[in-house]
Amino acid sequence: PPGPWQKSLFDAGIPAAAFISKDIDAEFKRLAGRGVKFRGEPQQMGPVKVVLFEDSCGNLINLVQPQA
């Protein structure tokens, strides 16, 4: 099980890591189709498009697509 520090980050909605994607919509669809639990859909936030998902180890991961 996750330790207290990891659980605190998760409970606060703070991602433990971020990964860059060239096509976040395609990645979202592919991963969601494989059962990945997302916390919403990709959203434009200024110069980046982002979506948050849960990994299988108790972490939140941010998927980010910079503007082209």
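Visitor: What makes strand 5 count as mostly covered?

Guide: In this predicted model, five of the seven residues of strand 5 are buried. Buried means under 20% relative accessible area.

Visitor: Which strands pair with strand 5, and in what sense?

Guide: Strand 1 (residues 17–20) pairs with strand 5 in the parallel sense, over four bridges. Strand 4 runs antiparallel to strand 5, and seven bridges join the two. At least two bridges are needed for a pair, so four bridges and seven bridges both meet the rule.

Visitor: Which residues of strand 5 are the bridge partners of I20 and V48?

Guide: I20 has V64 as its bridge partner in strand 5. For V48, the bridge partner in strand 5 is P66.

Visitor: What lies in the hairpin of strand 4 and strand 5?

Guide: The hairpin has five residues between the strands, and G58 takes a positive phi there, near 90°. S56 is also found in the loop between strand 4 (48–54) and strand 5 (60–66).

Visitor: Why is S56 called exposed?

Guide: The relative accessible area of S56 is 76%. Exposed means over 50%, so S56 is exposed.

Visitor: How do you know that K49 and D25 form a salt bridge?

Guide: The closest N and O atoms of K49 and D25 are 2.8 Å apart. The rule asks for a side-chain nitrogen of Lys or Arg within 4 Å of a carboxyl oxygen of Asp or Glu, so the pair of K49 and D25 counts as a salt bridge.

Visitor: Why is D25 called partly exposed?

Guide: D25 has a relative accessible area of 39%.

Visitor: What makes K37, R39 and E54 one network?

Guide: K37 and E54 meet in a salt bridge at 3.9 Å, N to O. That pair links distant parts of the chain, with K37 in strand 2 (residues 37–38) and E54 in strand 4, 17 residues apart. R39 also forms a salt bridge with E54, with the closest N and O atoms 3.1 Å apart. R39 is in the loop between strand 2 and strand 3 (43–45), and 15 residues separate R39 from E54. Salt bridges that share partners join K37, R39 and E54 into one network.

Visitor: Are K37, R39 and E54 each buried, partly exposed or exposed, and how do you know?

Guide: E54 is buried, because its relative accessible area is 17% and the cut-off is under 20%. R39, at 40%, counts as partly exposed. K37, at 52%, counts as exposed, because the cut-off is over 50%.

Visitor: How do you know that the buried residues of helix 2 are on the same side?

Guide: The buried residues of helix 2 are I24, F28 and L31. They cover an arc of only 80° around the axis, which puts them on the same side of helix 2. An α-helix has 3.6 residues a turn, so residues three or four places apart point the same way.

Visitor: What covers that buried side, and which exposed residues are on the face turned away?

Guide: The cover includes strand 2, strand 4 and strand 5. The face turned away carries the exposed residues K29 and G33.

Definitions and conventions. Residues are numbered from 1 along each chain as its sequence is written. This is a predicted model: local features need pLDDT of at least 70, side-chain atom pairs count only at pLDDT 80 or more; totals for chains, interfaces and linings use all residues. Side-chain values use heavy atoms; hydrogens and water are left out. Buried means under 20% relative accessible area, exposed over 50%, partly exposed in between (1.4 Å probe, protein chains only). The arc is that of the directions from the helix axis to the C-beta atoms. Contact means heavy atoms within 4.5 Å.
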